[in-house]
Amino acid sequence: MNQPANPHGRDSSTVHGALSGLRVVDLTGDAGRFATKLLTELGADVVRVGTGAPGLPLADPAAAALGGVADWWYDGGKRRCRVDLSTAEGQDAYRRLADAADMVVETERPGRLADAGIDYPDISTDNPALVQVSITPFGRTGPRAQWLGSDLVAAAMGGMMGLTGLADRPLNVWGRQAYNYAGFVAAASGVAAALSARSTGRGAHLDLSVHETVTGSIENLFMQYFFDDVLPLPKVAPRQGALHWLRAYDLAECVGGDGGYVMITPTPTPDLLLEWMVETGSDEVDKWIGIDPGELLLSVDEVMDAVRRWIAPQDAREVWWEAQERHVAFGGVLGIAEVCANPQFAHREFFADVLPPGRTAANGSLVSARSMDTGTGSAAGSVTLPARLVRWSDTGRSGSVPPGTPAAADTSLEEILALWAAPAGEARNGDIGSVAGAASSGNDADDRRPLDGIRVADFTWVLAGPSATKLLGDLGADVIRIQSEERSTLVNSPDFPYYFVWNRSKRSATLDMKHPDALAAARRLIETCDVLIENFSAGVLDSWGLDWETAHQWNPRLVYVTMSGCGHDGPWRHVISYAPTVHAVCGITHLTNFADRGDVGPGFSLNDHLAGFAAAVSTVGALYARERTGEGQRIDMAQLEVGTYAIGAAIIRQSAGVLPPRPEGNRDGIADHVPNEVYATGDGFVAVTVTEPAQWLGLVGLLADPRLDDPSLVTEAARRDRRSMIDAVLGEWSAGRTAAEAADALQGAGVPAGPVQDSHQLFTDDPQHADRGFWQAVDHAVFGERTVDAFAGLWNGRRWTPRHLSPAYLGEHNFDVWADAGYSPEEIAEGIGDGLFQ
């Protein structure tokens with residue numbers, strides 16, 4: 001049940017989250033609010049010492065008094081403390097907060113904190129265990145360190161918009177996904193560093209670049225660019241609407257019934273689709289039945305055209321559901337009202353109604369967290385939003401806390417300091433010797449990483465799971481990639497470039513779970529691990545005997561992470577889903593469209609990356625909680641829920657009286673900044689955003705166009721009313737310049753802007769990536785000399801290099817891994833010979 005929140009935004013219940021006891025100073029603008037939202041929902045006590053710009057107001061008067069959509073989505077459950085860093089008094093208050101905190105998350109412009117004498121070197125002197133995560137558009141160093149950013153600019157410059165949209169119309173993904181990427185990495189990294197500090201007493205500073213985070217987390221962008229000599233694909237991946245780089249996923253329009261769009265694909269088992277088509281009268285596909293899926297890709301364009309013709313006269317909803325009943329991975333494109341009515345979300349209680357402070361339901365009772373079963377709104381006076389990111393095991397030690405409200409009143413500095421004072425007899429940062437960082441990893445002191453000493457049994461495949469374990473490995477965990485030769489085909493094979501890109505920082509061990517001795521071997525390995533993570537369909541690990549209850553009995557401290565498509569229970573638990581399918585069903589595809597189109601959506605596997613990030617931050621949260629409780633937990637992630645969580649602001653808009661969210665091109669659906677658009681230049685496109693009066697005045701001065709000489713336009717409300725005129729002025733101005741010239745001029749005037757960059761520009765022409773050493777040359781045993789991206793930031797001013805490249809072959813580390821599990825060299829050799837370790 002959601003208890004009424006107190007005026008400070010903290011829930012009054014006594015439920016403890018995974019990060020219970022973690023004290024966080026939140027000095028963030030829009031680029032960092034998602035990071036601290038994640039920390040808050042995991043149970044950290046987050047104190048916001050600045051407020052972001054308000055978003056779209058809620059229609060309900062009482063809710064509107066608390067702020068807008070952005071405040072409800074990003075700041076629920078946080079405390080608020082007014083601190084003016086421009087004054088000596090405010091700087092002293094900030095120092096006192098930092099001295100009592102475990103973590104600072106900040107998004108200040110590089111140099112501002114240092115000028116005030118309150119940057120990490122200053123405040124960590126008195127609090128050496130402090131962790132500071134600095135999120136900036138491009139990093140704190142380099143030629144563009146002072147450039148201003150926005151989510152639109154980050155998506156344009158980082159590569160997202162190089163793939164999303166149409167050839168002549170770049171499009172941003174709805175919901176500020178570039179900032180979500182950075183927030184996930186910031187939260188995961190910050191918690192990992194705080195976990196390490198509990199045992200070592202040494203904090204860390206992370207200089208996290210949004211630009212680097214985005215560039216390094218787009219499925220095929222640089223796989224195609226760096227492996228054009230291997231892959232039959234364009235070197236520079238293009239914008240091509242909803243068409244996937246494999247060309248085996250696309251949106252098809254249905255004109256029968258109520259119309260609509262369906263995400264179609266012949267994968268993973270083409271014959272199921274082809275035989276269905278033949279049953280219903282298609283005479284085009286007989287020749288492909290029985291062909292190996294890999295060979296079918298050679299004719300994929302012809303196959304997809306046949307599917308488009310076959311599906312066109314049908315009803316979108318009916319054909320989507322029949323496809324799922326036949327185990328064909330189609331997905332209907334759902335609007336937000338339909339998303340809110342999803343019975344799977346109802347079953348898993350994914351949505352919650354949150355009341356403003358002091359508000360009760362019409363009958364005087366409190367409103368319980370519940371699923372919203374209609375698209376018409378939530379309980380009277382309440383706001384509906386996703387209740388959690390993932391679901392945690394029911395052990396009485398919850399991983400997340402119920403969603404809260406934005407703070408209606410400030411909390412005084414003295415009250416916060418009193419709350420944050422360590423109880424008598426409790427060590428400030430603990431002296432637990434078993435946490436990450438405590439064990440010797442054998443690594444050089446300069447390469448110390450926060451998850452050193454943590455071991456991960458990685459049963460993942462394709463992208464969502466491997467991207468999670470890649471981040472854990474980058475942070476120092478010993479990730480053991482466990483595969484069998486039978487299942488390691490196509491993108492899951494070490495000799496495929498996809499595997500190379502997403503499986504660095506891991507060791508490879510083989511295990512055939514069909515072998516009679518496999519379960520015993522798996523047990524011996526799991527007993528040595530801290531984490532088990534998998535992203536198979538619901539029930540696969542259970543069928544192997546590796547269910548949560550069994551694994552927990554073997555190793556009570558194990559963190560057990562599942563990443564199924566829709567969750568392990570509920571009416572949709574067996575729905576087949578890949579990222580494009582999830583995009584369609586969770587609402588992302590619908591919103592990521594131009595107002596005059598419905599067939600675009602994200603141009604890359606966005607949700608696979610979101611799910612990977614969500615798994616990583618949940619994993620480190622569970623590891624942090626383990627040091628308090630002594631036990632591990634089960635994390636049940638539904639990738640479908642992660643997708644809808646990532647557009648949670650749309651759920652708030654749907655439920656709280658704001659105009660229901662709909663496709664609006666590049667408009668920011670959370671705050672509707674004007675301008676916030678992409679304009680054609682002489683050689684490409686430039687993205688431009690204005691969020692503050694000073695930026696608008698800078699834009700007016702630069703453009704010197706009399707149509708902008710209206711003083712009222714300094715307000716965003718007035719600019720929204722004259723959006724078309726403003727877009728026309730900027731479009732005319734941009735057309736006579738190159739994208740680089742336009743971006744340089746706009747940034748010089750104090751306006752967030754940047755060119756829409758593709759992979760070639762990011763690699764050869766981006767001075768920021770070059771200066772910060774983001775691209776690293778490596779020599780791989782299979783692929784030879786190649787380039788890899790680095791972790792998206794500097795730790796204590798240092799650029800990490802990969803400890804491991806992707807495995808060169810399956811089982812490359814069998815002798816080391818299975819020796820750690822207690823097997824002798826002779827037993828390992830025998831296991832390889834009889835098929836156990838294959």
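This is a predicted model: local features need pLDDT of at least 70, side-chain atom pairs count only at pLDDT 80 or more; totals for chains, interfaces and linings use all residues.
Residues are numbered from 1 along each chain as its sequence is written, and side-chain values use heavy atoms, with hydrogens and water left out.

**Helix 28 and its cover**

Helix 28 spans residues 648–655 and is mostly covered, with eight of its eight residues buried. Helices here are DSSP runs of H or I with at least four residues, strands are runs of E with at least two, and both are numbered from the N terminus. These are among the elements that cover the buried residues of helix 28:

Take alanine 649, which sits in helix 28. Its relative accessible area is 1%, so alanine 649 counts as buried. Leaving out residues up to four places away in sequence, alanine 649 touches Val69, Trp73, Trp174 and Ile670, where contact means heavy atoms within 4.5 Å. Proline 661 lies 12 residues from alanine 649 in sequence, and their C-alpha atoms are 9.1 Å apart.

**Helices 12 and 14**

Now for a helix pair. Helix 12 (residues 270–279) packs with helix 14 (residues 300–311) at an angle of about 45 degrees, and their axes are 12 Å apart. Axes are lines fitted to C-alpha atoms, for helices over the stretch in contact, and angles run from 0 to 180 degrees between N-to-C directions. That angle makes helix 12 oblique to helix 14; under 35 degrees counts as roughly parallel, over 145 as roughly antiparallel, 65 to 115 as roughly perpendicular and the rest as oblique.

On the helix 12 side, Leu273, Trp276 and Met277 meet Ala306, Val307 and Trp310 of helix 14. Sorted by type, the residues of this contact are six nonpolar, no polar and no charged. Nonpolar covers Ala, Val, Leu, Ile, Met, Phe, Trp, Tyr, Cys and Pro; charged covers Asp, Glu, Lys and Arg; the others, Gly among them, are polar.

**Strands 24 and 25**

Strand 24 (residues 775–780) runs antiparallel to strand 25, joined by six bridges; pairing takes at least two DSSP bridges. A hairpin of three residues links strand 24 to strand 25. Valine 778 stands opposite arginine 786 in strand 25. Strand 25 (residues 784–789) has five of its six residues buried, so it is largely enclosed by the rest of the structure.

How values were computed: Buried means under 20% relative accessible area, exposed over 50%, partly exposed in between (1.4 Å probe, protein chains only).
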